[in-house]
Amino acid sequence: PVPSAWHRRSLGEPRDLFALPSARRPPPPPRWPVECEVIKETIEHIEWVPPEPEPFCQPPSHEWPPAPLSEEQGTVVYHLSPVPPGSRFTRARVGGALGPLSSPAVPLEGPQDTTLLFESRFESGNLQKAVKVGPYEYVLTLRPDLYTAKHTQWFYFRVQNTRRDPLYRFTIANLAKPKSLYGEGMRPLLYSQRDAQSRGIGWRRVGTDIRYYRGGGEEPAAFRLSWTVRFPHDGDTCFFAHSYPYTYSDLQRYLQALAGDPVCSQYCAVRALCRSLAGNTIYLLTITSPTGTAAKRAVVLSARAHPGESGSSWAMRGFLDFLLSTHPDARLLRRLFVFKVVPMLNPDGVVVGNSRCSLAGRDPNRAYGTALQGSFPGVWHLRAMVERVLAEREVVLYCDFHGHSRKNNVFMYGCDGGRASTGLRLHQRVFPLMLSKNAPDKFSFPSCKFKVQKSKAGTGRVVMWRIGVSNSYTMEVAFGGSTLGRRNSHFTVEDLKSLGYHLCDTLLDFCDPHPAKFQQCLSEVDTLLQQRLGREPGSGWSDVSPSELES
């Protein structure tokens with residue numbers, strides 16, 4: 001049976017405002033700003049886990065670059081018209097721009113022409129321009145987040161007309177961040193359509209001679225990522241990406257499958273939290289067993305505030321897969337808690353291939369404190385929903401899933417305001433420590449931080465903590481992989497999904513009615529921090545600032 005209307009109302013859910021996933025009809029196609037051209041082809045990729053770990057590459061030993069790459073001497077082979085500077089979002093429609101598509105790629109001169117054909121006008125795609133500077137060498141420019149002039153990090157584009165034998169070099173010339181995991185051995189992802197169709201092989205790490213370095217004398221400084229690669233086949237269609245793509249349509253297909261599952265729909269209600277600026281539905285899932293709801297505590301999870309951090313969607317997918325399964329621990333979690341889950345807070349940014357911003361041209365994860373409903377509907381409605389839930393029950397955990405581009409492994413940011421009692425200040429650190437014990441080959445407790453910086457005052461983690469969620473975290477998942485245990489390799493999709501399962505496992509440990517595990521971790525945290533500060537065990541913490549604890 002589907003949950004009753006009373007059951008849904010008792011969980012504080014919005015009414016059925018918009019078209020929701022149904023097993024009987026396809027999900028609505030994404031809505032795009034009218035400035036965006038969109039090709040008609042549907043882009044989908046198979047899921048695959050490499051049979052062997054994919055190690056980080058050794059950073060090259062010799063100096064770089066030997067000579068500056070000059071775009072002026074090259075030929076522009078792909079160029080999308082940029083959105084005019086200073087423009088703002090006005091309206092959106094399915095399929096984006098009206099009228100016939102332009103031709104941003106130069107046509108081939110015949111079968112002997114080895115020029116690659118580039119394309120990025122598809123969901124989550126990002127590439128603005130490609131310049132051919134040698135027979136098999138290209139300088140690429142990424143598109144800034146729409147209605148901004150910055151935040152270039154996420155890339156995802158298609159190439160056709162490949163040749164198997166030559167060594168190609170690609171250089172992305174306008175990356176924003178001075179430091180990147182590409183400088184520490186991370187490799188980009190490649191997907192070969194032919195390998196997917198004939199051999200069942202999906203996204204894999206590729207690239208040799210990978211460099212991340214400061215570009216020429218441009219102001220503001222731009223950074224370059226350069227790599228060489230051989231394609232697996234002649235005449236193939238391939239894709240490159242910064243991380244495993246997970247689009248808004250991927251989420252909608254997942255939710256459609258849930259809607260068609262008669263067992264899941266007994267304990268999972270999918271509703272619209274609100275609509276985004278472009279009119280895409282921001283979904284809210286309420287997951288709990290239908291009995292004894294009044295006495296249950298709540299857990300709130302969200303992901304994809306930053307659209308370029310696609311690994312957070314794979315972690316969320318793993319969490320939902322486990323929580324909705326028939327596993328005894330999943331049943332127990334549904335019996336104990338009401339879960340409120342917003343799997344994609346910024347669908348517009350995901351659709352257009354942004355790295356950080358929504359269509360308001362600003363970072364939604366700095367807007368929780370002051371969010372205007374009209375500019376940041378997802379953030380505004382998420383905060384309002386948490387306030388409603390807090391009025392009727394305790395929220396035992398809030399966790400916002402993100403991706404990290406400069407540090408490997410998985411870690412958390414928590415909230416130590418320095419004003420609480422000793423016990424409460426250490427409590428903040430227990431959940432991450434437990435998670436590190438449950439996922440020792442992925443999660444790094446020493447990388448966790450708990451200081452509440454002024455610059456982070458508007459984040460989901462800090463604002464949820466201030467309104468009354470004492471265990472409020474950002475979970476950061478590296479774009480690279482793990483350096484823990486005996487691992488020194490990239491995360492696979494399976495690794496990312498397993499984080500969702502480990503989070504569930506840790507929640508049961510954290511809320512175990514027998515306090516032994518909690519007390520053990522609390523005393524371990526106390527000892528660890530006393531050792532770090534060179535203090536006597538049992539000294540207390542009231543005189544120690546959050547900055548000292550972080551150092």
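In this predicted model, helix H3 (248–259) and helix H4 (311–323) each contribute at least two residues to the lining of the second largest pocket. H3 provides the largest share of that lining, with five residues. The pocket has a volume of about 770 Å³ and is lined by 34 residues, among which Ile 43, Glu 123, Thr 247, Ser 249 and Arg 253 lie nearest its centre. Sorted by class, the lining of this second largest pocket comprises 20 nonpolar, six polar and eight charged residues.

The largest pocket has a volume of about 960 Å³. Its lining consists of 40 residues, and Pro 82, Gln 128, Leu 142, Arg 143 and Pro 144 are those nearest the centre. Here the classes are represented by 20 nonpolar, 13 polar and seven charged residues.

The arrangement of domains can be considered next. The chain is divided into domain 1, made up of 35–50 and 67–242, and domain 2, which spans 263–481. Taken over C-alpha atoms, the centres of domain 1 and domain 2 are separated by 31 Å. Contact between them involves 26 residues of domain 1 and 24 residues of domain 2. The area buried between the two domains is about 2,100 Å², and carbon and sulfur atoms give 53% of this area. Of the area that domain 1 buries against domain 2, Phe 89, Trp 154 and Leu 181 supply 27%, more than any other three residues.

One salt bridge is found across the interface of domain 1 and domain 2. The side chains of Glu 47 and Arg 317 form a salt bridge, with an N to O distance of 3.1 Å.

Terms used. Residues are numbered from 1 along each chain as its sequence is written. This is a predicted model: local features need pLDDT of at least 70, side-chain atom pairs count only at pLDDT 80 or more; totals for chains, interfaces and linings use all residues. Side-chain values use heavy atoms; hydrogens and water are left out. On a 1 Å grid over the protein atoms alone, a cavity is a set of points where a 1.4 Å probe fits but cannot get out, and a pocket is an open set with protein on both sides within 12 Å along at least five of seven lines; lining residues have an atom within 4 Å of a point. Grid points are joined across faces, edges and corners, and a volume is the space filled by probe spheres set on the points. Ala, Val, Leu, Ile, Met, Phe, Trp, Tyr, Cys and Pro count as nonpolar, Asp, Glu, Lys and Arg as charged, and the others, Gly among them, as polar. Helices (H or I, at least four residues) and strands (E, at least two) are DSSP runs, numbered from the N terminus. Domain bounds come from an automatic or database domain assignment. Contact means heavy atoms within 4.5 Å. Buried area is the accessible area (1.4 Å probe) that two parts lose on being put together, summed over both. A salt bridge is a side-chain nitrogen of Lys or Arg within 4 Å of a carboxyl oxygen of Asp or Glu.
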